[in-house]
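Visitor: Hi, could we go through this one together? Please bring it up and I'll ask as we go.
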Amino acid sequence: MPILKAPPKQPKNATLQLRIDEDLKTKLEKYAEFLGTTGAYVVSEALRLVFNKDAEFKEWLERQDSNGKQSDGEHTP
């Protein structure tokens, strides 16, 4: 049995480029500094939080998965 455990597998990362207003960018940088992390981490975690909390989105996503459809960005409540 090894003394040290292997590090957890890192998830695959993708690059996303987006435009946000200056005030939002400044707050993002300050929040990341406050947490001692990166802006990318803050954005990723914020999106996870939104996706987990939005019940309507979760239902919609399940319908997409169960219908075998891939999301095309269209929202049909």
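Guide: Happy to. This is a predicted model, and the protein exposes about 7,800 Å², with carbon and sulfur atoms supplying 56% of that area.

Visitor: And what percentage of the residues count as buried?
Guide: Of the 77 residues of the protein, 5% are in the buried class.

Visitor: OK, what about secondary structure: how many helices and strands does the protein have?
Guide: There are 3 helices and 0 strands. Along the sequence, that reads as α-α-α.

Visitor: How do the axes of H1 and H2 cross?
Guide: Helix H1 covers residues 22-35 and helix H2 covers residues 39-53; their axes come within 8 Å and cross at roughly 95°. Angles of 65 to 115 degrees count as roughly perpendicular, so H1 is roughly perpendicular to H2.

Visitor: Nice. Which residues make the contact?
Guide: From H1, Leu-28, Tyr-31, Ala-32 and Leu-35 take part, and H2 brings Gly-39, Val-42 and Val-43.

Visitor: How do those divide into nonpolar, polar and charged?
Guide: The contact of H1 with H2 has 6 nonpolar residues, 1 polar and no charged.

Visitor: Switching to confidence, what is the mean pLDDT of the protein?
Guide: The mean is 88, and 88% of the residues reach 70 or more.

Visitor: Which elements have the lowest and highest mean pLDDT?
Guide: Helix H3, residues 55-66, has the lowest mean, at 94, while H1 has the highest, at 97.

Technical notes: Residues numbered from 1 in each chain as written. Predicted model: local features only at pLDDT ≥ 70, side-chain atom pairs only at ≥ 80, totals over all residues. Heavy atoms only, no water. Axes fitted to C-alpha atoms, helices over the stretch in contact; angles between N-to-C directions. Helix = DSSP H or I, 4+ residues; strand = E, 2+ residues; numbered from the N terminus. Parallel < 35°, antiparallel > 145°, perpendicular 65-115°, else oblique. Contact = heavy atoms within 4.5 Å. Nonpolar A, V, L, I, M, F, W, Y, C, P; charged D, E, K, R; others polar. Buried < 20%, exposed > 50% of the residue type's maximum accessible area, 1.4 Å probe, protein only. Areas by Shrake-Rupley, 256 points an atom, 1.4 Å probe, with all protein chains shown as cover. pLDDT = per-residue confidence, 0-100.
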